[in-house]
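Hello,

Here is the structure for you to look through. Please open it first, then read my notes with it on screen.

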Amino acid sequence: MAARGARRRPFEIGGVEIAPGERQLVHLPLSALSNQTPMALPVSVIHARRDGPTLFVSAAVHGDELTGVAICRRLLASKALAITHGTLLIVPIVNAFGFISHSRYLPDRRDLNRSFPGSVKGSLAAQLANLFLTEVVARSSHGIDLHSAAIHRSNLPQIRVDSHDEAALRLAEAFGAPIIVHSSLRDGSLRAAALKKGVPVIVYEAGEGLRVDELSVRVGIEGVLRVMAHLGMVRRRRQPPRRPALATSTRWVRAEESGLFRPSHDIGDHVAIGDRIGAISDPFGERETDVQAGSAGNIIGRANMPAAKQGDALFHIARVDNASMLGEHYQKLER
């Protein structure tokens with residue numbers, strides 16, 4: 001803690017110093033495309049005049065997930081982003097290679113979110129993971145990683161967190177998404193690598209790959225600002241319409257046969273065991289099979305692709321206490 005009256009020290013990243021009260025875009029060199037176009041990891045740094053936490057907000061770890069990119073852009077342009085304490089690091093596009101090619105992966109076909117902690121001399125994914133972990137995550141005290149569903153699927157705005165991590169769970173509750181889903185840590189993930197460095201990270205999931213919708217962006221912006229208020233970085237934000245529900249288990253409903261999929265329920269809907277939530281028919285109109293809910297709860301993810309193959313994941317259902325109330329929370333957000 002700096003002595004009273006002492007000037008806060010500059011924030012250093014990538015060999016660049018950002019003075020207290022300043023905002024700067026820093027490019028961390030990474031590699032080059034095959035045509036020798038240089039590639040970098042751009043980080044927007046906002047360094048307040050007063051001491052406080054260092055929060056990173058990242059998006060497009062998967063290059064085809066654009067919801068988080070839109071959230072970062074709107075945050076950086078928002079007048080509400082008046083930081084009084086601490087430092088904010090915003091990385092709108094972590095995986096620029098995948099972003100350019102509209103792909104989840106890097107050119108080496110590796111998933112960046114399974115490549116942490118990475119290494120300086122490893123694959124391209126390993127080098128990017130190492131750079132992001134070393135220059136951004138390790139300099140932070142907390143983190144929010146923004147994601148969306150894969151292409152042809154939609155996710156209800158939700159926070160994924162290891163509910164046994166008390167520090168991360170407090171961030172998840174402060175975010176105020178309609179639902180918090182317990183998600184154990186996976187080897188190679190950003191969350192797992194960050195936790196080993198003592199940095200609690202939550203994951204925001206909302207919307208669809210390669211698409212941006214206003215509700216997912218709005219919930220994400222408000223959530224990030226609430227976390228910042230919780231950490232004392234900005235003024236207090238208004239609370240969400242209802243405390244987030246906590247889901248400790250989820251279950252996928254899969255297609256029992258191939259055909260044309262027609263959903264009859266949407267994300268946020270509450271369903272009971274055995275409810276008809278969709279149908280699969282053959283292209284000739286001769287046969288139709290009901291898709292039934294295999295568990296009670298709320299739909300937090302749904303396939304949007306009409307052409308379905310046997311075994312495809314169609315609905316993601318979360319078992320939630322007071323599940324019927326979750327739908328009301330979501331409907332209030334839509335208004």
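Below are notes on a pocket, a cavity and some salt bridges.

First, the ground rules. This is a predicted model, where local features need pLDDT of at least 70, side-chain atom pairs count only at pLDDT 80 or more, and totals for chains, interfaces and linings use all residues. Residues are numbered from 1 along each chain as its sequence is written, and side-chain values use heavy atoms, with hydrogens and water left out.

**The largest pocket**

Rolling a probe the size of a water molecule over the atoms shows where empty space is left. The search runs on a 1 Å grid over the protein atoms alone. A pocket is an open set of points with protein on both sides within 12 Å along at least five of seven lines. A cavity is a set of points where a 1.4 Å probe fits but cannot get out. Lining residues have an atom within 4 Å of a point. Grid points are joined across faces, edges and corners, and a volume is the space filled by probe spheres set on the points.

The largest pocket holds about 720 Å³ of space. Its lining has 30 residues, and Arg-114, Arg-160, Ser-183, Arg-186 and Glu-205 lie nearest the centre. Strands S7, S8, S9, S10, S11 and S16 and helix H5 each give two or more residues to this lining. Helices (H or I, at least four residues) and strands (E, at least two) are DSSP runs, numbered from the N terminus. S8 gives the largest share, four residues. By class, the lining has seven nonpolar, 13 polar and ten charged residues. Here Ala, Val, Leu, Ile, Met, Phe, Trp, Tyr, Cys and Pro count as nonpolar, Asp, Glu, Lys and Arg as charged, and the others, Gly among them, as polar.

**Ser-183**

Find Ser-183 in the loop between strand S9 (179-182) and helix H5 (190-196). Leaving out residues up to four places away in sequence, Ser-183 touches Arg-160, Val-161, Asp-162 and Arg-191 (contact means heavy atoms within 4.5 Å). The side chains of Ser-183 and Arg-191 are joined by a polar contact of 3.1 Å. A polar contact is a pair of N or O atoms within 3.5 Å; within protein, one must be able to donate a hydrogen and the other to accept it, and residues adjacent in sequence count only if both atoms are side-chain atoms.

**The cavity**

How many cavities of 30 Å³ or more does the whole structure have? The search finds one. The largest cavity has about 50 Å³ of space. Arg-191 is among its lining residues, as are Val-161 and Asp-162. The lining divides into five nonpolar, no polar and three charged residues.

**Salt bridges**

There are 14 salt bridges in the whole structure. Each is a side-chain nitrogen of Lys or Arg within 4 Å of a carboxyl oxygen of Asp or Glu. Arg-139 and Glu-12 form one, at 3.2 Å from N to O. Arg-139 lies in the loop between helix H3 (124-135) and S7, and Glu-12 in strand S1, so the pair ties together parts 127 residues apart in sequence. Arg-243 and Glu-173 form another, with the closest N and O atoms 3.6 Å apart. That pair links parts of the chain 70 residues apart. Is Arg-243 buried or exposed? Arg-243 is exposed, at 66% relative accessible area, while Glu-173 is partly exposed, at 34%. Buried means under 20%, exposed over 50%, and partly exposed in between (1.4 Å probe, protein chains only). Finally, Arg-262, Arg-276, Glu-288 and Asp-290 are linked in a network of salt bridges.

Best wishes
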